[in-house]
Amino acid sequence: MLIGLDIGGTKIEGVIVNPNNAEVSHRLRIATPKSNYSDFLYAVKGVINTLIETNSKTEHRWIESIGIGCCGSINRLTGKMQGANILYLNHQDFLGDIQSDYTIPVALTNDANCLAISEFKTGAAKSAKSSCLAVILGTGCGSGVIINGDIVDGLHGLGGEIGHNPLPNFDSNVDGSNVTCYCGSENCIESFLSGTGFERTWAAKHPPLSAKEIFDACSCGDERAIKHVDHYTNCLARVLGSIINVIDPEVIVLGEGFRTKKSSTLWFKTS
């Protein structure tokens with residue numbers, strides 16, 4: 001049996017998976033701590049330990065390995081985390097801190113890379129011959145890129161990190177005033193396409209609402225909400241168009257969770 005973790009700015013979710021048929025036998029989800037790295041590390045290990053204990057009581061096979069999909073990536077030179085929207089996670093030896101507590105193999109990679117690989121091999125992009133783009137629209141925004149059948153990880157582990165490129169064709173008359181991202185740059189894609197960005201741009205004009213409340217209002221015909229969702233899809237189209245012009249993927253997969261706080265996947269072919 002295997003343990004898999006999906007870690008983002010909103011939740012830490014762990015599963016026990018049978019490697020023979022990919023069947024999930026147990027699932028555990030908790031909120032990502034907002035406080036500090038020590039609390040975060042404690043929470044992650046708590047999920048792992050609970051799953052190991054659950055497995056020992058219910059299954060007849062040992063846990064063979066732990067795989068972690070996480071926002072951000074590992075810096076090749078330092079071995080420490082970079083580019084995570086969980087800010088206290090950056091510059092920490094997260095993988096090393098997990099490996100030190102367990103004798104079984106532990107692997108970690110970017111969550112959008114995990115999405116791209118899984119969708120290309122067995123999911124929405126399995127019909128593609130050699131390429132796909134998978135975009136995560138959640139608490140943050142990132143992507144995974146498959147070219148010639150392999151993930152594009154990049155020299156520094158930053159392949160597919162579109163969230164901190166500038167929003168294409170930014171126009172203050174359409175997109176609002178300039179916004180400085182936590183990374184230090186202005187008008188980053190993540191500031192507009194992430195769930196937090198979606199709520200931020202709404203709150204700049206209207207009383208604050210959650211993303212779900214905005215989408216619910218849109219479904220009920222609220223003109224302000226409809227206009228806001230239209231602006232979001234316009235931003236998304238600009239971003240996808242700029243990527244298509246560079247890598248020309250066969251399939252684009254959109255993995256989103258901020259609209260309902262549950263993960264879902266949309267996909268479309270670019271031909």
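**Aromatic pairs, helix packing and backbone angles**

F40 is buried, and F94 is buried as well, where buried means under 20% relative accessible area, exposed over 50% and partly exposed in between (1.4 Å probe, protein chains only). This is a predicted model, in which local features need pLDDT of at least 70 and side-chain atom pairs count only at pLDDT 80 or more, while totals for chains, interfaces and linings use all residues. Residues are numbered from 1 along each chain as its sequence is written, and side-chain values use heavy atoms, with hydrogens and water left out.

**Aromatic pairs**

- A search of the whole structure finds 6 aromatic pairs, a pair being rings of Phe, Tyr and Trp (its six-membered ring) whose centres lie within 6.5 Å, with planes under 30 degrees apart counted as stacked, over 60 as edge-to-face and the rest as tilted.
- The ring centres of F40 and F94 are 5.2 Å apart and the ring planes stand at 55 degrees, so this pair is tilted.
- This pair links distant parts of the chain, with F40 in helix α1 (residues 37-58) and F94 in helix α2 (residues 94-99), 54 residues apart; helices (H or I, at least four residues) and strands (E, at least two) are DSSP runs, numbered from the N terminus.
- Ring pairs join Y37, F40, Y88 and F94 into a cluster.
- For F198 and Y232, the ring centres are 5.3 Å apart and the planes are at 90 degrees, so the pair is edge-to-face.
- The pair again links distant parts of the chain, since F198 belongs to helix α6 (residues 195-203) and Y232 to helix α8, 34 residues apart.
- Both F198 and Y232 are buried.

**Packing of α7 with α8**

- Helix α7 (residues 211-219) and helix α8 (residues 223-247) pack at an angle of about 115 degrees, with their axes 7 Å apart; axes are lines fitted to C-alpha atoms, for helices over the stretch in contact, and angles run from 0 to 180 degrees between N-to-C directions.
- That angle makes α7 roughly perpendicular to α8, given that angles under 35 degrees count as roughly parallel, over 145 as roughly antiparallel, 65 to 115 as roughly perpendicular and the rest as oblique.
- In this packing I214, F215, A217 and C218 of α7 meet A225, I226, H228 and V229 of α8, contact meaning heavy atoms within 4.5 Å.
- By class, the contact of α7 with α8 has 7 nonpolar, 1 polar and no charged residues (Ala, Val, Leu, Ile, Met, Phe, Trp, Tyr, Cys and Pro count as nonpolar, Asp, Glu, Lys and Arg as charged, and the others, Gly among them, as polar).
- F215, which lies in helix α7, is buried with a relative accessible area of 18%.
- F215 and V229 are 14 residues apart in sequence and 7.5 Å apart in space, C-alpha to C-alpha.

**Packing of α6 with α7**

- The axes of α6 and α7 come within 9 Å and cross at roughly 65 degrees, and the two helices are therefore roughly perpendicular to each other.
- F198, E199 and W202 in α6 meet A211, I214 and F215 in α7, and the residues of this contact divide into 5 nonpolar, no polar and 1 charged.

**Positive phi angles**

- N169, in the loop between β10 (150-151) and α4 (172-175), has a positive phi of about 55 degrees although it is not a glycine, and at 65% relative accessibility N169 counts as exposed.
- N187, in the loop between α4 and α5 (190-193), has a positive phi near 60 degrees, likewise in a residue other than glycine, and at 8% relative accessibility N187 counts as buried.
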